[in-house]
Amino acid sequence: MFAGLLPVTRSSSGKKGAYHAVYDEASVMPSIAKLFSSRSSLGNLEKHGPDIATPDIKSNKSAIPPQPVAREEQEHLICATLSRFAQVPVSAIFVLEPGWNPSGLSDEQASLMLKTHGPNTPVAERPLAALQMLWGAIVNPFNILLTILAIVSAATQQIPTFVVMMAMVFASTGLRYWQEFKSMIQAVNLIKSVTTNTRVLRYRSSGSEELEIDQRNVVPGDIIAVTSGDVFPGDCVLITAEAITITQASLTGEMMPIEKTVRLAAPRPGETLDLLHNDNVCLAGTSVVTGNGYALIVSTGKDTYMASIASELSKRRPENATQIGIKKVSYVLMGFMGVMAPIVFIVQGAVSKNWKGAVMFAIAVAVGITPEMLPMIVTSNLALSAVRVARKKVIVKRFDAIQSLGAVRILCSDKTGTLTADLVRISMSTTGTGDLSQLPIKLAYINSSLQTGSRSPIDHAIVDFVNESGQDIFKGIPGDGWVKQGEVPFDSSRRLLSVLVSRPGGDGSEGLLITKGAVEEDERRTILDTAQRLNEEGLRLVAVACREQLIKSFMTISSSDESELTFIGFIGLLDPLKPDAAQAIKDLAALNVQVRILTGDAPAVAAKVARDLGLIPSRGTFVNC
């Protein structure tokens, strides 16, 4: 993304590789320092380097992989419902549903909608029916086999055998059902104990009133008030917004905030709604990072986009190793009985000439082959394991989960916040060649302190570092008094944040555009080599660049202004490992469980963490997807 670690001049042609000069830090730093400390012309600062960020047109692809047709149809239905309200100007939304009111629903309307659409309960929170759970405990290959043999025994007057076999079936089924039913009740009680309130508008005779209600009672047509930290209880459309940014990490995994606003204009011809990339739709499960506003609830419960994902995950699970093993053993026993019983019957009858006795003997052989106690032994062991896990304050909803947990051989773990402390701290400020320099952190501080969007952990780390630093970082250079004249907020496609500032004490016409953002591969080997070396030391990097810009009245800036920048250097950030992470890795290794790290950080950073944790011995290999 940044063209080179050292400032370079690109020709007017803008072609890759058309660089005319490379300067060392000594020739560039004084001119920038002069810009900070004097009222001289900004003309001393040359324009350097190619555009450090150009939006990638090809990156505008959905992050959701292709799914089965049923899922696509469900998404299409959800999208069509939301499009009806999201693709009209906000002033026309309430014309579509005459019963809905910008002042909120009445109590009677809300009660009627609640009866019609049901409580706003996610699919994942809905417990299994008791009969469905009982059927799942009964339908077991061994239970079926023992039941068949018990019926045959009863038909041949072998009552004691019948009683023993049915006792094993009832004991195994009852133990499994009781344990799973008890776990389900505990899980339901745990969910019910957590109550999330939502602020909604209710229209009453005295006017519109704002009150808090249980999130489960939110219905389509409700107007909800949201502010920083609130989670959207359903799929909704913004009707007022003041600097709102939201995070869709629960849906896309992307932690960076996304700006949202209201729609004021009619859609363009052929315009369609993208559920995850739009201006005014907020999906259930996403949360507000900054700002406040009001939103119209369009879908709740099982009709939301989040519920469509949850329903896919809640479908019938593939059989685990235990289920497959039990089924195979059952088939082997049935096959063995199917071969042995007829042979024993024929041989015994032919030898003894007592065919009735031969039938009884063949049945006895079939019963003897069957391990009647096996279902009870398996269920008892799983129940004992469930009790031991419960002592660790873990609820086991399904017995099969015990075996699946024991069968884990590869554990994929997130890095940030799981293996590391998620406590980003500034480690160093360097030039493009890796030499220590305070200029990158100075510019980054101005950028982070003046930007008005959602402050990321990196912004907080930069500001806290400067404020808490014992040394005078801004010695000879003003640390405050800068006036922001414009801003290009961060977004996940550009991965940049720029602010346009005017110098303290100036007339306001001489400006400096300061940009910071991610380091990505480009044609300059110097920047890649230095970035690789710092990444291998475990540092996450933020590149800093700037350029002069003339400030005019009422001007605005956009991503197109992020060009012809002078690369200044790197800010190196370190996220230390959790104190118990290495020991946890060793404990897993003792259980023959291999750990894999999943992260969006630079591969070299992930490799450094893996080496520190002992996952790879030295210069190991890693997969870069």
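Contact here means heavy atoms within 4.5 Å. The model is predicted.

**Overview**

The protein has 18 helices and 17 strands. Of its 625 residues, 42% are buried. Take the contacts between residues at least 6 apart in sequence: 71% of them join residues at least 24 apart.

Trp 100 sits in the loop between α3 and α4 (107-117). Its relative accessible area is 12%, so Trp 100 is buried, the cut-off being under 20%. Which residues is Trp 100 in contact with, leaving aside neighbours within four places in sequence? They are Phe 85, Phe 94, Leu 105, Met 113, Pro 220, Gly 221, Leu 296 and Ile 297. Asp 222 lies 122 residues from Trp 100 along the chain, yet their C-alpha atoms are separated by 8.0 Å.

**Two nonpolar cores**

The largest nonpolar core has 26 residues. Leu 82, Ile 93 and Leu 296 touch the most other members. At least two residues of this core come from each of α2 (69-86), α3 (93-96), β6 (235-247) and β9 (287-299). Helix α2 gives the largest share, five residues. Ile 93 touches Phe 85, Val 88, Val 237, Ile 239 and Leu 296, with residues up to four places away in sequence not counted.

**Leu 541 in strand β15**

Leu 541 belongs to strand β15 (residues 540-550). Is Leu 541 buried or exposed? Leu 541 is buried, with a relative accessible area of 13%. Not counting residues up to four places away in sequence, Leu 541 touches Val 519, Ala 531, Leu 534, Asn 535, Phe 570, Ile 571 and Gly 572.

| Pair | Separation along the chain | C-alpha distance |
|---|---|---|
| Trp 100 and Asp 222 | 122 residues | 8.0 Å |

**Helices α16 and α18**

Helix α16 spans residues 525-536, and helix α18 spans residues 603-613. Their axes come within 7 Å and cross at roughly 25°. Angles under 35 degrees count as roughly parallel, and α16 and α18 are therefore roughly parallel to each other. Their crossing is right-handed. On the α16 side, Gln 532, Asn 535 and Glu 536 take part. They meet Ala 604, Val 605, Lys 608 and Arg 611 of α18. By class, the residues of this contact are two nonpolar, two polar and three charged. Asn 535 also touches Leu 541.

**Positive phi in two loops**

Most residues other than glycine have a negative phi. Two residues depart from that pattern here. Lys 353 has a positive phi, near 60°. Lys 353 is in the loop between α10 (321-352) and α11 (355-369). With 65% relative accessibility, Lys 353 counts as exposed. Glu 564 also has a positive phi, near 50°. The place of Glu 564 is the loop between β15 and β16 (566-574).

Notes
Residues are numbered from 1 along each chain as its sequence is written. This is a predicted model: local features need pLDDT of at least 70, side-chain atom pairs count only at pLDDT 80 or more; totals for chains, interfaces and linings use all residues. Side-chain values use heavy atoms; hydrogens and water are left out. Axes are lines fitted to C-alpha atoms, for helices over the stretch in contact, and angles run from 0 to 180 degrees between N-to-C directions. Helices (H or I, at least four residues) and strands (E, at least two) are DSSP runs, numbered from the N terminus. Angles under 35 degrees count as roughly parallel, over 145 as roughly antiparallel, 65 to 115 as roughly perpendicular and the rest as oblique. A crossing is left-handed if the near helix is turned anticlockwise from the far one by less than a right angle, and right-handed if clockwise. Ala, Val, Leu, Ile, Met, Phe, Trp, Tyr, Cys and Pro count as nonpolar, Asp, Glu, Lys and Arg as charged, and the others, Gly among them, as polar. A nonpolar core is a set of buried Ala, Val, Leu, Ile, Met, Phe, Trp, Tyr and Cys residues joined through side-chain atoms within 4.5 Å. Buried means under 20% relative accessible area, exposed over 50%, partly exposed in between (1.4 Å probe, protein chains only).
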